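Trainee: I have just opened this structure and would like to learn how to read its features. Could you walk me through a pocket and a helix packing?

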Amino acid sequence: MKWWEKLKNKLSSRKIGEGSPSTVTTTADVSQMIQRDLLLRNIILGIVLFLSAFGFLLVYSAMSVRLINRGTSFWGEIARISVFTAMGVVMMLIAMKMPVGWLKKLTYLVYPVAWMLQMATFFVGKEIGGNRNWLNVGVIIQPSELLKLGFVMVLALILAEFPMDLRKGIGAVVYLTGALVVTIFPVLICRDMGSVVIFVAIYLFVIIAAQVSGRYISWFFVFAAFGAVFMVMISPSRRTRVKALFDSIGVALGLKAAPLGYQPATQIDHSRWAVGMGGLFGQGPGASREKWLYLPTADSDFIFAVLCEEYGFVGATLVILLFVTLVVAIFTVAMRVPDPWAKLVCVGAGAWIGFQSFVNIGVVLGVLPVLGVPLPFLSRGYSSLISLLAVCGVVLSCANSLPGVKQYHEGRRGYYGQVRSVLASRVPNLRRKR
């Protein structure tokens, strides 16, 4: 008989799990609550670890040709990726063990540091592909990824902890819009439109979950749409990307004639070819052809194309299902966790992972313009991986505060305490010295 089956006999007439969605009074409810909440936490942990490990294998495959072509140390780069992946996993496990209250206090450190690093990028950052969004601190980091983590935490803090009425009227306009503008300003001046889109998506999901005034949300959608059009119009490269997208869609639907004569293939062309050549089961691990310098960012923004080519429709579908399951599990934690800050942090984390995955896959399939955002856990990017693993650690900490998980750990402590007391009564060396 398992220990919780013994424990529930003592708890059959007592309310269990303060803040739980319903009052638990029966022994069957105790067991079901523990198993359900533990399963929810373990699903999140298992999917994150699997995607991180699978991403390591994909990056290993996708970057091999580029490293050999550049004459760069292949094993040195692999060792570097291994170190940063291990760092991210350790950070996730540490955050997972921290109480929610400690993580709230860490918000006051994480957000200012990330914001200052992003602002420093504008002055001393490294420009790649027209975006000045990288900072050299011994290794190349992307502060906007760390800023996403800080933004999720600080936005939840503003909505959940501050006593001001921020859900309607002037409070929403001043404080909530102000928080978004202050956050995306250093990202905008570095010309990283892709990250700005992710920030806005996180913001929308969190304020909707916090039941901010519907009138404010409607007006925000209007201004965000005008802002997006304006940002596209003032940038020649963005206009080119959007025009290329509409042209390709028009040709595919037969609404526009295909251009005559030779036309150089674009990233999207090679991406679609990789997806098509994968077929049902793929070419096999490491057998991608498009990674042979046809896709310039095969190991980062277009890693999903390599995945489709090597593992086919079946492999790509399984990965998408894992992302969907992960996001649903995170949102389920948000609905069940009692702490208001934890609820909104989980919503922000789920929106970040889900929407960024949607945008990246949409770009690879050619249904969205190229935005330059990585695929969570799979794309090469030290800052992105560490930040995502850290936010998953925060989510797992919130999951540890679920009534069933708390009851499980309390039961274990009680069970092992009883074992120790029995052993101490029989073995004198285990008795505590007074």
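Trainee: Which residues lie nearest the centre of the second largest pocket?

Mentor: First, the general idea: rolling a probe the size of a water molecule over the atoms shows where empty space is left. In this predicted model, the second largest pocket has a lining of 23 residues, and Val200, Phe220, Phe223, Ala224 and Ala225 lie nearest its centre. The space in this pocket comes to about 670 Å³.

Trainee: Which elements give two or more residues to the lining of that second largest pocket?

Mentor: They are α6 (169–188), α7 and α8 (214–233). The largest share comes from α8, with 10 residues. Sorted by class, the lining of this pocket holds 21 nonpolar residues, two polar and no charged ones.

Trainee: Now to helix packing. At what angle do α7 and α12 pack?

Mentor: Helix α7 (residues 193–209) packs with helix α12 (residues 340–365) at about 140°, and their axes are 8 Å apart. Angles over 145 degrees would count as roughly antiparallel, so α7 and α12 are called oblique to each other. The crossing of α7 past α12 is right-handed.

Trainee: Which residues make the contact between α7 and α12?

Mentor: On α7 they include Val197, Ile198, Ala201 and Phe205. Among those on α12 are Leu344, Gly348, Trp352, Phe355 and Gln356. By class, the residues of this α7–α12 contact are 13 nonpolar and two polar, with no charged residue.

Conventions
Residues are numbered from 1 along each chain as its sequence is written. This is a predicted model: local features need pLDDT of at least 70, side-chain atom pairs count only at pLDDT 80 or more; totals for chains, interfaces and linings use all residues. Side-chain values use heavy atoms; hydrogens and water are left out. Axes are lines fitted to C-alpha atoms, for helices over the stretch in contact, and angles run from 0 to 180 degrees between N-to-C directions. Helices (H or I, at least four residues) and strands (E, at least two) are DSSP runs, numbered from the N terminus. Angles under 35 degrees count as roughly parallel, over 145 as roughly antiparallel, 65 to 115 as roughly perpendicular and the rest as oblique. A crossing is left-handed if the near helix is turned anticlockwise from the far one by less than a right angle, and right-handed if clockwise. Contact means heavy atoms within 4.5 Å. Ala, Val, Leu, Ile, Met, Phe, Trp, Tyr, Cys and Pro count as nonpolar, Asp, Glu, Lys and Arg as charged, and the others, Gly among them, as polar. On a 1 Å grid over the protein atoms alone, a cavity is a set of points where a 1.4 Å probe fits but cannot get out, and a pocket is an open set with protein on both sides within 12 Å along at least five of seven lines; lining residues have an atom within 4 Å of a point. Grid points are joined across faces, edges and corners, and a volume is the space filled by probe spheres set on the points.
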